[in-house]
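Please brief me on the side-chain contacts and surface features of the protein shown here. Keep it short and grouped by topic.

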Amino acid sequence: MSATDFVYVRKELEQPLPPPASQHGPVHWIRTNLFASPLDSVLTIFGLLVIAYFLPPILSWVFINAQWTGSDRSVCATVAQGGVQPDGWAGACWAFVWAKFGQFMFNNYPLAERWRVILCGAMLVALIVPFLIPRAPYKALNAILLFGVLPIVGYFLFIGGTFGLRYVPTREWGGFMVTIILSYVGIVVSLPMGVLLALGRKSELPVIKMLSVIFIEMVRGVPLITVLFMATKMLPLFMPNSMKPDDFLCVLIGVSIFASAYMAEVIRGGLQAMPKGQYEGADSLGLNYWQKMRLIILPQALKLVIPGIVNTFIGLFKDTSLVYIVNMFDLLGAVRRNFSDPTWISPQTPMTGLVFAGFVFWIFCFGMSRYSIYMENRLDRGHKR
């Protein structure tokens with residue numbers, strides 16, 4: 001055999017070629033997502049026309065003609081270029097938001113004591129950020145501090161009356177701090193209570209199952225406003241004056257109970273979605289009921305219903321604005337309350353305040369939604385293609 005019989009011997013793999021120019025890049029994305037079919041092209045063009053029609057006046061109202069500084073309502077009737085716009089078409093009055101920002105955040109909480117709320121908020125951020133990062137260390141310690149220690153510290157900081165702190169009654173609380181407190185307590189209580197109610201509804205013990213069903217159906221059968229009125233107006237009627245509960249505590253209990261009933265049905269859906277083989281496999285390992293639920297069933301069931309759980313959290317966060325009905329002022333209530341301030345009454349004041357409140361709610365709800373998507377993708381085990 002001569003050397004000419006071996007014409008070519010490859011010693012290394014050929015490097016992969018780049019995809020064709022028509023299969024990647026912005027042009028490919030636009031063609032695939034916006035102009036993939038005649039209907040898609042029509043809808044894309046229509047959407048662009050709608051954006052072109054509405055976006056310029058919105059940007060003009062929010063930024064160009066908006067007033068950013070001022071001391072009273074007179075600045076809200078003028079535009080950046082000077083002059084008065086007819087028919088109330090002046091820009092946004094961000095000067096009103098800036099002047100009332102403290103009211104929006106704390107309502108009537110004493111100015112000299114607001115550092116306590118800010119300190120507790122900083123502690124909440126410092127604990128919740130590493131808790132939400134999957135690779136952060138010391139998760140157990142973080143959870144204990146976030147769900148066990150922080151509520152106790154926050155109580156003493158907010159209410160005062162001890163350690164030399166001035167006593168601040170809950171009737172002076174309000175603004176965004178109330179929104180965060182109600183949401184935090186509702187979320188922390190509703191998830192474990194919802195798990196217990198869901199397990200109770202699927203229990204084989206008739207008494208536990210009946211009590212769970214009655215509780216869930218009764219709470220889900222009435223609106224949150226009814227629950228708040230029952231908690232703050234009717235419950236104290238059945239209790240002696242010496243044991244009359246604080247209205248804010250009643251609201252916390254009402255919101256937590258209401259969210260727990262909805263959370264229970266979300267988690268029950270995840271339990272029903274579990275294959276029967278998972279239960280049988282856990283039984284074959286000799287696990288008792290609580291070991292089976294804690295180690296096998298619940299981790300998988302909760303992963304399946306992450307969108308529903310976060311959706312309940314988002315609904316709870318927005319429903320905190322209903323406490324305005326029982327004379328408490330969350331962020332939206334504090335904003336609406338300041339509309340009647342004679343110093344800032346103008347045609348632009350209500351819209352500006354509502355846009356500010358809506359933007360704050362949207363930021364938090366959008367953040368929860370994006371984190372939910374992140375956790376879904378991270379916990380995915382190949383079920384998606």
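Leu-55 lies in helix α2 (residues 38–64); helices are DSSP runs of H or I with at least four residues, strands are runs of E with at least two, and both are numbered from the N terminus. The model is predicted, so local features need pLDDT of at least 70 and side-chain atom pairs count only at pLDDT 80 or more, while totals for chains, interfaces and linings use all residues. Residues are numbered from 1 along each chain as its sequence is written, and side-chain values use heavy atoms, with hydrogens and water left out.

**Nonpolar surface patch**

- Leu-55 counts as partly exposed, at 39% relative accessibility; buried means under 20% relative accessible area, exposed means over 50%, and partly exposed is in between (1.4 Å probe, protein chains only).
- A nonpolar patch on the surface is formed by Leu-48, Ile-51, Leu-55, Leu-59, Phe-63, Ile-64 and Trp-68, with about 690 Å² of accessible area together.
- Patches take residues with over 30% relative accessible area and no salt bridge, joining like charges within 9 Å and nonpolar side chains (Val, Leu, Ile, Met, Phe, Trp, Tyr) within 5 Å.
- Accessible areas come from the Shrake-Rupley method with a 1.4 Å probe, and for residues only the protein chains shown count as cover.

**Salt bridges of Arg-201**

- A salt bridge is a side-chain nitrogen of Lys or Arg within 4 Å of a carboxyl oxygen of Asp or Glu, and the count by this rule is nine.
- Arg-201 and Glu-217 pair through their side chains in a salt bridge, at 2.9 Å from N to O.
- This pair links distant parts of the chain, with Arg-201 in helix α7 (residues 176–201) and Glu-217 in helix α8 (residues 206–220), 16 residues apart.
- Arg-201 is buried at a relative accessible area of 16%, whereas Glu-217 is partly exposed at 36%.
- A salt bridge also joins the side chains of Arg-201 and Glu-265, at 3.0 Å from N to O.
- Here too distant parts of the chain are linked: Glu-265 is in helix α10 (residues 247–273), 64 residues from Arg-201 in helix α7.
- Both Arg-201 and Glu-265 are buried.

- Glu-217 forms a salt bridge with Arg-220, their closest N and O atoms being 3.6 Å apart.
- Glu-217 and Arg-220 are separated by about one helical turn, because they are three residues apart in helix α8.
- Arg-220 is partly exposed, with a relative accessible area of 32%.
- Salt bridges with shared partners join Arg-201, Glu-217, Arg-220, Glu-265 and Arg-268 into one network.
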